[in-house]
Amino acid sequence: MAPAAAAVGGNSQCTADSNLNGKVHVSNVNLRKGPGTSYGSYGQLTKGARVYVDCYRQLDITKQPWLYIKVNSGAHAGQRGWVRNDLIT
């Protein structure tokens, strides 16, 4: 069972729990330090990298939500960060 959204990784930026497994479906996806392109990147995830989605944040109803994830495979395995929803299946 995953912790409450506000407690996930000490992150209070989540608006709702998700608790899903997913996979990056495009190449060179930035793993962001916050939910938006204005935040810096920890690095890039490769296509096919497996992730666990803890929770998400909807910044604007007209835009894609941002997912707070834990990377489960690849060069950034174990790292947590933010990825735009439409880049994960």
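Predicted model: local features only at pLDDT ≥ 70, side-chain atom pairs only at ≥ 80, totals over all residues.
Which residue's backbone nitrogen lies 2.8 Å from a polar atom of the side chain of Ser 73? Before we get there, a word on the model. Residues are numbered from 1 along each chain as its sequence is written, and side-chain values use heavy atoms, leaving out hydrogens and water.

The protein chain averages a pLDDT of 85, and 87% of the residues score at least 70. Over residues 1-10, however, pLDDT stays under 50.

Now to Ser 73, which sits in the loop between β5 and β6 (80-84); strands here are DSSP runs of E, at least two residues, numbered from the N terminus. Ser 73 counts as buried because its relative accessibility is 15%, and buried means under 20% relative accessible area with a 1.4 Å probe, protein chains only. The residue we asked about is Arg 50.

Let us turn to the nonpolar cores, sets of buried Ala, Val, Leu, Ile, Met, Phe, Trp, Tyr and Cys residues joined through side-chain atoms within 4.5 Å. The largest has 13 residues, and Val 24, Leu 45, Ile 69 and Val 83 have the most contacts (heavy atoms within 4.5 Å) inside it. β2 (29-32), β4 (50-57) and β5 (66-71) each supply at least two residues of this core, with β5 giving the most, 3 residues. A second, separate core of 5 residues includes Cys 14, Trp 66, Tyr 68 and Trp 82.

Definitions and conventions: Buried < 20%, exposed > 50% of the residue type's maximum accessible area, 1.4 Å probe, protein only. Helix = DSSP H or I, 4+ residues; strand = E, 2+ residues; numbered from the N terminus. pLDDT = per-residue confidence, 0-100. Polar contact = N/O pair within 3.5 Å; in protein donor to acceptor, adjacent residues only side chain to side chain.
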